[in-house]
Each structure stands twice: as C-alpha cells, then as structure tokens.
Amino acid sequence: MNFPDPIYTALTWIVPILIAITFHEAAHAFAAWRLGDDTARRLGRVTFNPLKHVDPFGTILLPALLFLTKAPFLFGWAKPVPVAFQRLGRPRRDMAFVAMAGPLTNVVLAVVSAALIRVAWLLPEAMAPWWVRTLEQSILLNLMLAIFNAFPIPPLDGSRVVMSILPKALARQYAKLERFGFLVLLGIVFLLPMLGRQIGADLNLFRWAVAAPLAWLLPIFRAIAGAPQ
C-alpha cells in the first residue's frame with residue numbers, strides 16, 4: 001500500500017480506534033439493557049455503528065491534534081453511555097458488571113487482533129504489512145483502553161466498580177467526585193507532565209500507571225500472535 005508515511009500511519013490507527021471505542025460503548029449499553037435498564041437501547045446505543053458513539057471533539061479532533069503534533073501518546077473519549085443505575089435489577093452489583101463490560105470487551109478485541117495476525121500470510125503481499133501493523137496498533141490501543149478505564153477515578157469504569165463495593169455512605173461521597181473527575185484526568189494526562197518538564201521531574205503518572213501493566217501483558221499477546229519473544 002503506497003501511501004505517504006503520515007497517511008499510512010493514520011490508516012493503521014483509524015480502524016482500531018473506531019472499533020475499540022464502538023465496541024467498548026456498545027458493551028456498556030448491551031450490559032445495562034440485559035441487566036434491566038433500556039435507557040441506552042432506546043437511544044440507539046446498543047449498536048456497532050460508530051456514529052452513535054463518536055464524540056466529535058474527544059474521538060476525532062483531540063486524537064487527530066495529538067497525532068499531528070507527534071505527541072508521545074493518543075488520548076480521547078467517546079460519548080458516555082447513559083445508564084439509570086436505579087433501574088438495574090440489583091443496582092450496586094450490576095453497576096460493576098456494566099462498568100466492567102467495556103474494558104473486558106477491549107481485552108477480547110486485543111485477543112482477536114493478536115489471533116488475526118496469524119492469518120497475514122493469506123493476504124496479498126502488498127496488504128500484509130498494513131494488516132499486521134493495524135492489528136498491532138489494535139492490540140496496543142485496546143490494552144491501553146482497558147488499563148486506563150480500570151483506574152478508580154470518576155467517571156472511568158474502575159470508579160463504578162469501587163462504588164459498587166464501598167459501603168453506601170462512602171459510595172455516595174465518592175460519587176460526588178465525578179463532577180471534578182474530568183478535570184482530574186486532564187490534570188494527570190496533560191498538566192502534570194508539563195509541570196514535570198518545567199521542574200525537571202518525571203510526573204507523567206499516566207505513563208507510569210499504564211506502562212507497567214502494558215509491559216507485562218504485551219508478551220502474552222505477542223505469543224498469541226505467534227511473534228518471537
């Protein structure tokens with residue numbers, strides 16, 4: 001596939017990004033529906049149509065800006081799936097199941113991507129490198145999404161799991177952090193690294209928290225893909 005380097009690289013990211021966020025959000029919507037809340041289903045969110053899940057800024061503009069400026073990582077988000085937790089069959093337990101559905105789906109996508117690398121030899125010689133590179137990006141992206149969303153910072157999925165196991169009084173207080181959660185995330189992802197560069201310290205907590213589990217998981221997925229360790 002003869003494309004200029006930036007276009008070729010972008011093409012290897014676009015498909016994995018759209019699939020990863022679409023399946024992640026659809027999994028939340030499907031789990032909520034099956035557990036008793038059809039809010040997301042009535043809004044058309046139980047679907048693999050990416051247009052139903054894409055946030056114009058968080059899914060398109062911000063990742064594109066980071067890519068074009070050669071940022072060391074990509075960051076973004078999709079439209080959150082609305083869930084009326086009180087309508088779930090067992091709200092506290094089911095809240096955790098709905099939350100875990102997204103990251104677990106990303107892990108499954110990473111496994112499928114690794115397995116599909118093994119069939120690259122069946123493809124035309126010109127297409128095989130793009131296929132392998134795209135699936136490698138898919139493994140990396142889906143694992144990063146699964147790890148990042150497991151953080152116990154509202155409104156990430158991990159915070160829902162924490163809320164489901166905390167005593168009710170503490171869970172209510174913890175839930176109040178959600179109004180500041182997005183600002184906390186922006187601070188961790190962008191502001192702390194900028195501050196660290198100014199003072200000569202490595203304050204990239206995002207990289208620390210994601211890189212360690214990622215380094216442990218990647219060899220497992222390379223083995224699934226049949227790559228040499």
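These entries record what I looked up in a predicted model of one chain.

I worked with a predicted model in which local features need pLDDT of at least 70 and side-chain atom pairs count only at pLDDT 80 or more, while totals for chains, interfaces and linings use all residues. Residues are numbered from 1 along each chain as its sequence is written, and side-chain values use heavy atoms, with hydrogens and water left out.

**Secondary structure.** I found 9 helices and 0 strands in the chain, taking helices as DSSP runs of H or I with at least four residues and strands as runs of E with at least two, numbered from the N terminus.

**Overall dimensions.** The C-alpha atoms fill a box of roughly 60 × 50 × 35 Å along the principal axes.

**Burial.** I noted that 41% of the 229 residues are buried, meaning under 20% relative accessible area with a 1.4 Å probe and protein chains only.

**Helix 6 and helix 7.** The axes of helix 6 (residues 157–165) and helix 7 (residues 168–175) come within 8 Å and cross at roughly 155°, where axes are lines fitted to C-alpha atoms over the stretch in contact and angles run from 0 to 180 degrees between N-to-C directions. The two helices are therefore roughly antiparallel to each other, a term for angles over 145 degrees. I then listed the contact (heavy atoms within 4.5 Å), in which Ser159, Val162 and Met163 of helix 6 meet Ala171, Tyr174 and Ala175 of helix 7.

Key: Angles under 35 degrees count as roughly parallel, over 145 as roughly antiparallel, 65 to 115 as roughly perpendicular and the rest as oblique. Buried means under 20% relative accessible area, exposed over 50%, partly exposed in between (1.4 Å probe, protein chains only).
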